[in-house]
Amino acid sequence: MGAGAVGSYYGALLARDGHDVTLVARGAHLATLASAGRIVVREADGSRWDAPVAALAAPAGPAPDLVIVATKSHHTLAAAEALAGWLPRDATVLSLQNGVENVGRLGSVLGADRVLGGIAFVGLRVEEAGLVDHEAEGWVRMGDPAGVTPRARAAHDLLAPSWDVVLSEDIVHAQWHKLLWNAGFNAICAVTGATAGEPLATPASEALVRQAMWEVVAVAARHGVTLTDADVDQMAAPNPELRDYHPSTARDLAAGKPLERDALCGFLAREGAALGVPTPVNAVLDGLLALQEDRSRIRQGLPRTP
């Protein structure tokens, strides 16, 4: 559900191993997938592979064992509503999305007992309809916010032969941990046009990356989640695979798409204000992203973001 780069890639991995996969997509990507009946993946070394998939504009067809929601965060509730009238009651839903609120949003519509959380640390893009470029990394952590439940084990067992995936005992912590990276790099790279490696090469911008991450630490603590100095050091360390990578927010901005501000720096600014936790770096980054988003939309003749 929401088969852009992430949904298409992880769906393709399952289809390559013989699973019946339906990608719910839109636009030219949907049209190409539906016509070809296949998804193509291009690896970083230029090699290609493909797998058979069905492609639809909305959920339909036989009851699935697992639904993977990979929409942008601002489309989560719409995705849940689209699934609600069709999804069998015993089907499992896995959120493979940015941010820390989407499991709760899906659960509020579909039932919290069947929604699992996941994170994907991966570099992907779709610049050509029907084809996903796999640029870097690719590992997944998934689990049940309630702990290691039978539902989480069953979903992990289904995915493990096809994905680089670990069943997390604390997926909530893992989601906050990934938010460190997203807060440190997504907005800064989108606002400046830098790759993920460039901010770390300049001392002043490296300090900004770390300060944005420390604001995540402070907000997480108020939510009962402990992140440490070592976590910040890990996420702020140079990563050769991501050195030349443009994060998803930068790509969405370049494409004139709505940005995931409310799940990343916007979430931190909002939560900081509500909790009395200072988050000045993320508040500034969110404001700059809002400006860039409006500028992009105006260039395309679109109205400003509501």
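Buried residues are those under 20% relative accessible area, exposed residues those over 50%, and partly exposed residues those in between, with a 1.4 Å probe and protein chains only. Helices (H or I, at least four residues) and strands (E, at least two) are DSSP runs, numbered from the N terminus. The model is predicted: local features need pLDDT of at least 70, side-chain atom pairs count only at pLDDT 80 or more, and totals for chains, interfaces and linings use all residues. Residues are numbered from 1 along each chain as its sequence is written, and side-chain values use heavy atoms, with hydrogens and water left out.

Helix α5 (residues 150-159) has a buried side and an exposed one. On the face turned away from the buried side sit the exposed residues Pro150 and Asp157. The buried residues of α5 are Ala152, Ala155, His156 and Leu159. They lie on the same side of α5 because they span an arc of only 100 degrees around the axis. The arc is that of the directions from the helix axis to the C-beta atoms. An α-helix has 3.6 residues a turn, so residues three or four places apart point the same way. The cover over the buried residues of α5 includes α1 (5-16), β5 (66-69), β6 (92-96), β7 (115-128), β8 (131-143) and β9 (164-167).

Strand β7 contains leucine 116. Leucine 116 counts as buried because its relative accessibility is 0%. Contact here means heavy atoms within 4.5 Å. Not counting residues up to four places away in sequence, leucine 116 touches residues including Thr92, Val93, Leu94, Met142, Ala152 and Ala155. Leucine 116 and leucine 227 are 111 residues apart along the chain, and their C-alpha atoms are separated by 22 Å. In strand β8 lies glutamate 137. Its phi is near 55 degrees, a positive value in a residue other than glycine. Glutamate 137 counts as partly exposed, at 21% relative accessibility.

The nonpolar cores come next. A nonpolar core is a set of buried Ala, Val, Leu, Ile, Met, Phe, Trp, Tyr and Cys residues joined through side-chain atoms within 4.5 Å. In soluble globular proteins, nonpolar side chains tend to be buried together. The largest core has 41 residues, and Trp176, Leu179, Leu180, Phe185, Met213 and Val216 have the most contacts inside it. Helices α6, α7, α8 (229-236), α9, α10 and α11 each supply at least two residues of this core. Its largest share, 10 residues, comes from α6. A second, separate core of 36 residues includes Ala5, Tyr9, Ala12 and Val122. Beyond residues up to four places away in sequence, tryptophan 176 touches Val100, Val216, Val219, Ala220, His223, Val225, Leu227 and Phe267.

Helix α10 (residues 265-275) has Cys265, Gly266, Phe267, Leu268, Ala269, Glu271 and Gly272 as its buried residues. These pack against α6 (171-192), α7 (203-222) and α11 (280-299). Glycine 276 follows α10, with a positive phi near 75 degrees.

Helices α7 and α11 pack at an angle of about 110 degrees, with axes 8 Å apart. Axes are lines fitted to C-alpha atoms, for helices over the stretch in contact, and angles run from 0 to 180 degrees between N-to-C directions. The two helices, α7 and α11, are therefore roughly perpendicular. Angles under 35 degrees count as roughly parallel, over 145 as roughly antiparallel, 65 to 115 as roughly perpendicular and the rest as oblique. Leu208, Gln211, Ala212 and Glu215 in α7 meet Pro280, Val281 and Asn282 in α11. By class, this contact of α7 with α11 has four nonpolar, two polar and one charged residues. Ala, Val, Leu, Ile, Met, Phe, Trp, Tyr, Cys and Pro count as nonpolar, Asp, Glu, Lys and Arg as charged, and the others, Gly among them, as polar.

Aspartate 252 is part of helix α9 (residues 248-254). Aspartate 252 counts as buried, at 7% relative accessibility. Leaving aside neighbours within four places in sequence, aspartate 252 is in contact with Lys72, Lys257, Pro258 and Leu259. Glycine 256 sits in the loop between α9 and α10. This glycine 256 is also buried, at 11% relative accessibility. Glycine 256 touches Ser296 and Gln300, not counting residues up to four places away in sequence. Glycine 256 and glutamine 292 are 36 residues apart in sequence and 9.7 Å apart in space, C-alpha to C-alpha.
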